[in-house]
Amino acid sequence: MHFLEFEKPIAELEGKIDELRHLSDGGGINIADEVRKLEDKVDKLLRSTYAKLTPAQKVQVARHPNRPHCLDYINALITDFTPLAGDRAFGEDRAIVGGLGRFRGRSVVVIGQEKGHDTDTRIRHNFGSAKPEGYRKAQRLLNLASRFNLPVITLVDTAGAYPGVGAEERGQAEAIAKSIETCLRARVPLVSAVIGEGGSGGAIAIATADRVLMLEHSIYSVISPEGCSGILWRSNTNAADAAAALRLTAQDLKELGVIDRIVMEPIGGAHRRREETILALGNAIEDSLESMRGQDGGTLITRRRDKYLAMGQKGLS
């Protein structure tokens with residue numbers, strides 16, 4: 001287990017538990033009882049710590065390397081998954097994974113950003129930062145879903161779109177804008193879930209949905225705290241202040257009406273009980289899709305458009 005900075009007291013207790021488990025009973029000490037007492041302490045400490053996380057600490061949890069990623073959700077929730085590659089214009093972008101499959105018996109199109117879980121996979125998937133061809137692949141899959149009347153599930157987990165020179169030369173801004181437009185014009189139910197980081201236009205390109213869900217300790221913002229700090233304070237040292245000012249937590253965004261539902265994580269975060277988190281998100285996605293069953297394409301487009309126009313009007317008032 002990788003422990004975050006604020007989890008050091010928890011790490012110390014869990015280290016003691018590991019030490020005790022390697023000891024045999026002796027000297028009048030019941031090892032099992034001692035382990036149980038320490039586990040109770042860990043549970044209480046986890047509850048108290050995660051009940052009062054600051055925005056900056058939530059950023060750390062959202063980026064936790066052991067947190068389940070896009071492919072973990074696809075492997076657990078989507079059966080008969082058939083990945084589709086390429087944008088039919090330039091090439092394949094592995095930062096965005098997409099394809100056809102079945103979600104609890106229902107045929108769907110799935111699109112998600114994959115960060116990778118070790119050095120090799122992180123490099124292969126470019127740390128979840130997509131290039132224009134990735135967003136054009138997403139557009140292709142969204143249009144495919146509309147053509148065959150298949151609901152769309154998107155899984156958002158990116159620090160932002162890839163900022164390289166090549167990506168800009170190939171039209172990064174246009175690709176993101178076109179993806180947002182394609183989401184708004186999709187004639188099928190569209191459910192998006194922020195499972196880790198939701199960074200800037202790179203996230204909203206596939207998250208302009210009928211229902212936007214966020215895991216309890218995920219984040220969603222126009223810029224990273226470090227980027228904001230660098231612009232406003234000319235230094236990364238104020239990233240914690242930036243995180244608080246950005247209102248990037250699921251709780252803030254639900255209050256602001258930017259997202260529709262918060263999916264609770266197990267005590268201690270998604271990285272501690274991955275299967276439980278994946279099941280909870282699957283249930284939330286199923287509820288969201290069920291709420292839109294039978295709605296025609298025109299109604300979905302109109303309601304989706306009105307939803308995002310209302311956000312802008314609320315922000316201006």
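The model is predicted, with local features requiring pLDDT of at least 70 and side-chain atom pairs pLDDT 80 or more, while totals for chains, interfaces and linings use all residues. Residues are numbered from 1 along each chain, and side-chain values use heavy atoms, without hydrogens and water.

Q: How are helices H3 and H11 oriented to each other?
A: The axes, lines fitted to C-alpha atoms over the stretch in contact with angles from 0 to 180 degrees between N-to-C directions, belong to H3 (residues 55–62) and H11 (residues 239–246) and come within 7 Å, crossing at roughly 95°. Helices are DSSP runs of H or I of at least four residues, and strands are E runs of at least two, numbered from the N terminus. Because 65 to 115 degrees counts as such, H3 and H11 are roughly perpendicular.

Q: Which residues of H3 and H11 make the contact?
A: Contact means heavy atoms within 4.5 Å. H11 contributes Ala240, Ala243 and Ala244, and H3 contributes Pro55, Ala56 and Val59.

Q: Which helix gives the most to the lining of the largest pocket?
A: H9 (200–204), E7 (219–221), H12 (250–256) and H14 (297–316) each supply at least two lining residues. With three residues, the largest contribution comes from H9.

Conventions: Angles under 35 degrees count as roughly parallel, over 145 as roughly antiparallel, 65 to 115 as roughly perpendicular and the rest as oblique.
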